[in-house]
Amino acid sequence: MSDERGAGRESAPPLVVMEHVTKRFPGVVANDDVSLELRPGEVHALIGENGAGKSTLMRILYGMYPASEGRILLGGEEISISSPRVALQHGIGMVHQHFVLVDPFTVTENVILGDEGSAILDMETAQQKVADLAQTYGFQVRPSALIEDLSVGEEQRVEILKALYRGVEVLILDEPTAVLTPSEAKDLFTNLRRLRDDGKAIVFISHKLDEVLAIADRITVLRRGKVVGETTPADASKAKLAEMMVGRPVLFRLEQPDVEIGEPILEVEGLLGEGKLNGIGFEVRTREILGVAGVEGNGQKELAEALIGLRKPAAGTVRLAGTDITGWPVADIRNAGVAYIPEDRHEQGLVLNMTLWENAVLGREDDPPFSGKTGFLFIDRIKEMARRLVKLFDVRTRSINVAASTLSGGNQQKLVLARELDTSPKLLIASQPTRGLDVGAIEFVWRQILDQKKEGRGVLLISAELDEIYALSDRIVTIYEGRITGEYAPDARPEEIGVGMLGAADTAEAS
Amino acid sequence: MSTGGATLPAPRALPPWLESAVGQGLALLAAFAIAVSAGALIIILYGENPLSVYSAMLSFAFKDVTSVGTVLSIATPLIFAALAVSVCFKGGLFNIGVEGQFLVGMVTASWAALTFDFLPGLLHLAAVLLFACFGGMVYAAVPGILKVTTGAHEVVTTIMMNGIAISIVAYALNGPLRFTKAPPGQNVDLRTDIFEPSALVPDLGHVFGVGGSAHLSWLFPIAIVASAIVWFLFRRLRLGYEARVVGSSAGSARAGGIAIGGVQIKLFLISGALAGLTGMQQVLVERGALVQNYEAQLGFTGIAVAFLGQNNPIGIVFAAVLWAILSRGETALQLGTNLPREFVIILQGILIFSVVVVYQVAKRRLARRELQRAGAEVGLRDTATPEDEALQEA
């Protein structure tokens with residue numbers, strides 16, 4: 001993806017300047033004296049770990065938060081952006097990670113929503129205008145299509161069109177590739193280059209460094225609310241950017257433990273259920289990590305839930321170490337030796353308003369060391385266990401008596417991981433195990449997952465992040481609309497896997 | 001692994017549990033102050049002096065030991081009812097049916113009192129109390145089972161069953177439990193036969209010199225024990241732990257392998273048993289029979305008291321006493337002022353309102369401070385640890 005960069009237009013005066021912007025939330029400085037220039041005709045990447053202040057900074061620019069200090073200049077004049085509406089009037093638009101579209105409406109209706117002009121709608125003109133815009137920037141989208149019929153990538157184009165329709169010169173994209181397949185991301189980049197060449201300033205918020213290096217003209221790195229550096233892809237490497245983000249060198253490929261893959265531990269055949277699982281079959285062996293790659297919403301969540309017992313499959317069998325566990329209740333499946341890292345740790349992993357020790361025992365509260373036959377909890381033993389886990393997994397907290405909600409995302413995930421692995425499972429189901437975590441925490445979680453192989457355990461890794469699949473898997477399968485569409489070696493090219501993620505792979509070669 | 005462990009001692013003054021306790025106490029005081037001032041405004045609008053009105057209410061509640069005893073005996077059924085509400089609430093269930101469960105408990109207890117009159121002394125009473133619990137449990141089991149098996153929402157089913165319970169009492173009084181022995185030549189209101197003395201809860205008040213009119217019986221200490229048991233249930237027993245998990249995050253409970261339906265039914269049964277005891281103050285202490293003009297609405301008042309006590313079993317005891325002081329104040333108002341007695345109801349309403357609001361605000365502040373502190377400390381520690389350095393070399 002090394003094609004021509006934007007003209008840069010070094011000489012052109014900046015469109016927008018943010019000067020010495022500081023944003024304080026109670027107890028937290030989200031942005032600390034940040035200055036930023038956005039020039040016409042550039043893609044400006046804003047990178048940093050979670051909580052580094054990227055999104056906050058851009059929300060200030062988009063009028064969603066007022067800045068505590070500092071000023072914003074537009075074309076050299078100071079302006080006050082009190083709301084997104086004002087931001088749009090000044091030509092600043094933002095596309096959020098979660099789209100805000102009305103499903104039963106057409107593309108055109110969504111684009112003009114909130115900017116309909118006169119009281120009597122002139123749909124023909126609006127439709128023409130939207131079609132022209134799409135044409136100009138090479139957006140493949142039909143103005144009369146209904147949103148509910150569109151793919152995620154197309155929906156994103158509609159969101160961008162909404163901003164363009166309002167005549168924005170500055171377009172902010174918050175983690176735009178998080179929801180896209182590799183090929184959709186490529187299409188997005190093509191679109192962005194057209195916009196850049198047309199003189200727009202594009203802010204690209206991301207923590208995926210490969211993408212940033214591919215698309216950006218300039219890169220600003222934030223750490224803990226401060227700008228720690230500005231660079232260009234020519235002067236930077238992935239390793240260097242990561243080091244700037246985290247403050248220390250980061251390993252992208254962890255060493256695989258040298259172990260021999262063993263016998264099948266999990267065998268799944270013809271799993272059917274609720275329209276989301278359409279006959280899934282695969283096997284995971286001991287000391288093996290099987291990566292399930294796929295675009296989100298293709299049955300991954302349902303698969304994980306069916307395997308741990310949260311959903312009853314309509315048909316098919318699940319065998320754990322030879323025992324048929326199909327349709328067993330969760331507690332029995334767990335006792336049989338399955339551990340589960342849910343994709344949403346708030347929804348299915350932790351009880352946020354309860355303490356760390358209460359969370360550490362969840363799912364094991366009826367095991368002999370933690371409660372007696374009469375139903376008494378042995379709180380001292382539970383707390384002792386919790387202290388041990390907190391120490392072993394380096395969960396950073398003041399005490400085990402505070403609520404789980406006080407932990408950062410990375411530390412919450414460490415707590416879930418610690419609890420699940422402490423049961424000495426035969427099989428670990430890890431569903432999106434590093435979602436929302438920053439680079440340092442990702443490395444920790446990956447290392448723990450790899451270590452499971454040394455313990456003779458099997459791991460089913462379900463992830464929408466290809467990076468993660470590549471970093472950990474011994475074998476890769478792709479999932480599409482509830483079916484396994486291909487099986488790949490760990491060194492298969494992303495393009496090959498991408499084909500499977502879109503369902504087009506030759507299903508005959510699927511296992 | 002990092003030196004010094006992952007937990008840090010807090011360098012600041014108060015330990016967290018004390019800070020939380022102090023915070024809660026302050027919140028309660030603030031809420032009370034708000035309610036009292038709002039009440040004062042209303043009193044002034046009525047052309048009365050707030051100071052004298054409040055002091056009349058207080059002094060009436062505490063004018064002698066018999067007055068205090070009366071307050072405690074008013075509080076007794078409220079404690080049972082509020083505990084019943086709170087047990088379900090902790091598990092995320094809204095048991096509006098305490099009212100119906102308590103009515104049914106009165107019927108089953110009365111039946112036991114009349115049927116087991118051959119039992120000697122305390123055995124008779126024990127049987128009556130057991131049947132009070134049993135009646136409440138059976139009546140609470142119905143919405144519980146419906147909820148778990150069909151998903152029927154407990155608020156809807158319990159409200160419906162409250163209506164049925166009123167009819168059950170009426171049927172019992174007109175049919176199977178209708179009095180058979182009436183004093184000759186007198187008209188008697190519809191009631192059961194008068195129970196044997198062995199079915200009644202013995203008086204406790206006389207030990208402390210409380211007059212018999214206060215109706216302070218051993219039921220009050222039983223209510224205190226019940227609240228201690230509820231506290232123990234949620235702090236020390238597996239069922240209570242699982243109930244709190246279910247109530248806070250059903251998804252995490254399910255993923256952890258907790259049988260949610262089983263927990264919910266058990267909570268309904270415990271709640272029903274406590275609800276069943278609510279009516280015993282009037283049946284076994286004040287009247288010695290189930291009468292037609294029984295005191296209803298105790299189950300609904302229990303919801304208010306549970307809110308006031310923030311569903312905490314200890315808080316509920318204090319909330320019930322406070323509620324009783326206010327209720328008793330009604331009489332004081334009629335005696336000494338021109339305020340209508342409904343003023344007390346208004347004051348009780350304002351009190352609940354301000355407690356709920358102030359607690360929410362206080363809770364958020366505490367949570368935010370906790371977050372800040374956690375954030376600040378993690379920030380401090382985020383400099384490279386020995387482990388990180390080891391990683392770098394790897």
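Chain A carries 17 helices and 20 strands in its secondary structure, with helices (H or I, at least four residues) and strands (E, at least two) taken as DSSP runs numbered from the N terminus. Please keep in mind that this is a predicted model, in which local features need pLDDT of at least 70 and side-chain atom pairs count only at pLDDT 80 or more, while totals for chains, interfaces and linings use all residues. Residues are numbered from 1 along each chain as its sequence is written, and chains are lettered from A and ligands numbered from 1 in the order in which they are written.

**View 1. The overall dimensions of chain A.** The C-alpha trace of chain A spans about 70 × 50 × 45 Å along its principal axes.

View 2. Strand S1 (residues 16-25) runs antiparallel to strand S2 (residues 28-38), joined by 7 bridges; strands count as paired if DSSP finds at least two bridges between them. Look for Phe25(A), whose bridge partner in S2(A) is Val28(A). S1(A) also pairs with strand S4 (residues 69-74) of chain A, again in the antiparallel sense, over 5 bridges. Here Thr22(A) has Glu69(A) as its bridge partner.

**View 3. An open sheet of 6 strands in chain A.** The strand order is S6-S7-S8-S3-S9-S10, with mixed pairing. Strands S6 (92-95) and S10 (226-231) stand at the edges with a single partner strand each, so one side of each has no neighbour in the sheet. On average, neighbouring strands are turned by 20° against each other, direction ignored; axes are lines fitted to C-alpha atoms, for helices over the stretch in contact, and angles run from 0 to 180 degrees between N-to-C directions. Helix H8 (residues 238-246) packs on the sheet, touching S3, S9 and S10 of chain A, and its direction makes about 35° with that of S9(A). Residues count as in contact if their C-beta atoms, placed from the backbone, lie within 7 Å.

**View 4. A hairpin in chain A.** Strands S11 (residues 264-273) and S12 (residues 277-285) pair in the antiparallel sense over 7 bridges. The hairpin has 3 residues between its strands, and Glu274(A) in the turn has a positive phi of about 50°. Pro264(A) stands opposite Arg285(A). S11(A) is also joined by 5 bridges to the antiparallel strand S14 (residues 315-320) of chain A, where Leu272(A) is partnered by Ala315(A).

**View 5. Helices H5 and H6 of chain B.** The axes of H5 (residues 121-150) and H6 (residues 154-174) come within 10 Å and cross at roughly 150°. The two are therefore roughly antiparallel (angles under 35 degrees count as roughly parallel, over 145 as roughly antiparallel, 65 to 115 as roughly perpendicular and the rest as oblique). Among the residues making the contact are Tyr139(B) and Leu146(B) of H5(B), and Met161(B) and Ala165(B) of H6(B).

**View 6. Helices H3 and H13 of chain B.** H3 (residues 65-90) and H13 (residues 313-336) pack at about 135°, with their axes 8 Å apart. That angle makes H3(B) oblique to H13(B). Contact residues include Ile74(B) and Leu78(B) of H3(B), and Ala320(B) and Trp323(B) of H13(B).

Methods
Two residues are in contact if their C-beta atoms, placed from the backbone, lie within 7 Å.
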